[in-house]
Amino acid sequence: MSATPPGPAGPAVFATSDAHGHLAELTAALRAPGLLDDEARWSGGDARLWVLGDLLDRGPDGLGVIALVRRLTVEAAAAGGAVHTVLGNHEVIALGTRMFGDAEVVHRGVLRTFGSIWARNGGLASDQAGIDDELFAWLADLPAIARDGDHLLMHSDTVGYLEWGSSVDAINHAVRSTLAGDDPVAWFDVLVRLGRRHEFAGRSGPAAARRLLDTLGGERIVHGHSIIGDLFGERCDSYTEPRLYADGLALDIDGGIYEGGPCLVARLSG
Ligand SMILES: [Mn+2]
């Protein structure tokens, strides 16, 4: 039985983000719209689910979140649906820490180490210990940005993606090429750019969002990374829905799980 039967509008499309190791909350949030059954198996039929990064760190079980998402990717594909994952800055922090550890790197005149950034941003030793070569390769190959119909999907609310290229393919090629290599300065460039935020908010936000959409396609940006409560100055327990803003050009789906907010699953279409 599928909770999301195909209709005239086509398969349903959903997005979630920033689970940050909160496996139980993510499982419950995906079960609510019928994407998972009682045993946490894919029950979404031909629906498509986008997982917009920051799977690990901060919460107790990043490896469990990753394992769930990877299993659902296989199960959804077998059912005619799809689960896709997009790279978040915490994936880059975790991989960079795995690769470079506490090696000091001069980046744009600043002395940095991945290990210290990881430690300051909720890095978990238990997550780090589980990143073997196979998982490293899977995470490092995630796309940074994607299009699904009218939606442009990315982790971070920044126009910085355009500094890698002016098409989705060019951006993903550039980021993958960097993460396939071992140049720590190039890795820090990826991390710093994906760490930017709030660029679709405020007076200049709509124009920034419009520039990204006009260049890469799509009618609406869907992103995580910036907690709704932080972006709009609200308590994290005071909202239960994603937040549309920037004249309707951007949808923030990061409820802020680790700050007491909800794990949001946005229904984008269908
Ligand atoms: Mn993030």
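Reader: Which residues coordinate the manganese ion?

Author: In this predicted model, the manganese ion is held by D54 through OD, N89 through OD1, H155 through NE2 and H225 through ND1, at 2.1 to 2.3 Å.

Reader: How are the donor residues of the manganese ion spaced in sequence?

Author: Their spacing reads D-x34-N-x65-H-x69-H. Within this set, N89 belongs to helix α3 (residues 89-100), while H155 lies in the loop between β7 (151-154) and α7 (168-179), so that the pair, 66 residues apart, links distant parts of the chain.

Reader: Are N89 and H155 buried or exposed?

Author: A residue counts as buried when its relative accessible area is under 20%. N89 is buried because its value is 8%, and H155 is likewise buried, with a relative accessible area of 0%.

Reader: In what order do the five strands of the open sheet stand?

Author: The order is β6-β7-β8-β10-β9, and the pairing is mixed. At the edges stand β6 (145-148) and β9 (243-245), each of which has a single partner strand, so one side of each is left without a neighbour in the sheet. From one strand to the next, the twist averages 25°.

Reader: In which sense do β7 and β8 pair?

Author: β7 and strand β8 (residues 220-223) pair in the parallel sense, over four bridges, and L153 stands opposite V222 in β8.

Reader: Which strands does α7 touch as it packs on the sheet?

Author: Helix α7 touches β6 and β7, and its direction makes about 150° with that of β6.

Methods:
Residues are numbered from 1 along each chain as its sequence is written. This is a predicted model: local features need pLDDT of at least 70, side-chain atom pairs count only at pLDDT 80 or more; totals for chains, interfaces and linings use all residues. Side-chain values use heavy atoms; hydrogens and water are left out. Donors are N, O and S atoms within 2.8 Å of the metal (3.2 Å for Na, K and Ca); water is not among the atoms, so sites may look incomplete. Helices (H or I, at least four residues) and strands (E, at least two) are DSSP runs, numbered from the N terminus. Buried means under 20% relative accessible area, exposed over 50%, partly exposed in between (1.4 Å probe, protein chains only). Two strands pair if DSSP finds at least two bridges between them. Axes are lines fitted to C-alpha atoms, for helices over the stretch in contact, and angles run from 0 to 180 degrees between N-to-C directions. Contact means heavy atoms within 4.5 Å.
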